[in-house]
Amino acid sequence: MALSQNTIACRGVSLQARVQVFGDKAITEYKEPTGGGIRVDSHGYAGYIPPVDYDPLLAKVICTAADFPVAVAKTLRALQEFKIGGVKTNIPFLLKVLQQPEFLNNHLDTEYLNQQLAAQSQQSGDDNSVVSVCHGAIARLCVSQGDTVRKGEPVAVITAMKMETEIVAQCDGKVT
């Protein structure tokens with residue numbers, strides 16, 4: 001097959017929002033968004049109890065449109081319409097990210113979401129908190145109360161899906 005880049009045409013944009021649930025309580029309400037160009041791949045339902053030892057992914061919301069701004073608007077609407085009761089989700093975080101100027105202007109890199117998570121903890125008034133990039137159980141703590149830590153030093157290891165992830169300090173500080 002003789003294809004070259006200049007013969008390939010873009011026919012739209014799709015965004016995927018990965019909805020996660022947190023906690024060990026049952027979902028009390030579950031209603032997926034619908035509409036043209038919106039697809040939800042999920043295993044959620046009212047009564048479902050998310051397992052805490054596995055990936056907290058509940059649903060992938062995939063929105064397709066002719067261009068990026070319309071795909072973003074469609075994704076925002078879909079997430080606002082997604083009703084999940086009884087558990088905490090990352091939908092508020094996803095909504096906030098989708099409205100950030102850096103996201104809307106496509107000024108992103110591989111650290112963008114980690115930076116947004118750190119900014120979220122700072123805005124909550126918890127400037128020295130440690131934010132995990134994923135859900136899981138604490139396998140071991142690398143620090144004790146009273147210890148001094150430097151930015152980038154490991155503070156804990158969490159396990160999920162038989163994998164371990166090291167959690168590091170986002171800034172210099174003291175463990176309280």
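Colleague: Which residue in β4 is the bridge partner of Leu 15?

Modeller: The bridge partner of Leu 15 in β4 is Cys 63. Residues are numbered from 1 along each chain as its sequence is written. This is a predicted model, where local features need pLDDT of at least 70, side-chain atom pairs count only at pLDDT 80 or more, and totals for chains, interfaces and linings use all residues; side-chain values use heavy atoms, with hydrogens and water left out.

Colleague: How many bridges join β1 to β4?

Modeller: β1 and β4 run antiparallel and are joined by 8 bridges. Two strands count as paired if DSSP finds at least two bridges between them.

Colleague: What is the strand order in that sheet?

Modeller: The order is β3-β4-β1-β6, an open sheet of 4 strands with antiparallel pairing. β3 and β6 (88-89) are at the edges with a single partner strand each, so one side of each has no neighbour in the sheet.

Colleague: How many helices and strands does the chain have?

Modeller: The chain has 4 helices and 11 strands. Both are DSSP runs numbered from the N terminus: helices are H or I with at least four residues, strands are E with at least two.

Colleague: Which strands does α1 lie across?

Modeller: α1 lies across β1, β3 and β4, at about 145 degrees to β4. α2 lies across β1 and β6, running at about 150 degrees to β1. Axes here are lines fitted to C-alpha atoms, for helices over the stretch in contact, and angles run from 0 to 180 degrees between N-to-C directions.

Colleague: Why is α2 described as largely enclosed?

Modeller: 6 of the 8 residues of α2 (residues 91-98) are buried, so the rest of the structure largely encloses this helix. Buried means under 20% relative accessible area, with a 1.4 Å probe and protein chains only; exposed is over 50%, and partly exposed is in between. The buried residues are Ile 91, Phe 93, Leu 94, Leu 95, Val 97 and Leu 98.

Colleague: Take Leu 94, then. What is it in contact with?

Modeller: Leaving aside neighbours within four places in sequence, Leu 94 is in contact with Ala 17, Arg 18, Val 19 and Leu 79. Contact means heavy atoms within 4.5 Å. Leu 94 counts as buried because its relative accessibility is 14%.

Colleague: How many residues does the largest nonpolar core have?

Modeller: That core has 30 residues, and those with the most contacts inside it are Val 19, Tyr 30, Val 61, Leu 79, Phe 82 and Ile 84. A nonpolar core is a set of buried Ala, Val, Leu, Ile, Met, Phe, Trp, Tyr and Cys residues joined through side-chain atoms within 4.5 Å.

Colleague: Which elements give two or more residues to this core?

Modeller: They are β1 (13-22), β3 (38-42), β4 (57-65), α1 (68-81) and α2. The largest share, 6 residues, comes from α2. Apart from this core lies another, of 7 residues, among them Val 143, Val 149, Val 155 and Ala 156.

Colleague: New topic. What about the sheet with β7, β9 and β10?

Modeller: Those 3 strands form an open sheet in the order β7-β9-β10, with antiparallel pairing. β7 (137-141) and β10 (163-168) are at its edges with a single partner strand each, so one side of each lacks a neighbour in the sheet. From one strand to the next, the twist averages 30 degrees.

Colleague: Over how many bridges do β9 and β10 pair?

Modeller: β9 (residues 154-160) pairs with β10 over 6 bridges, in the antiparallel sense.
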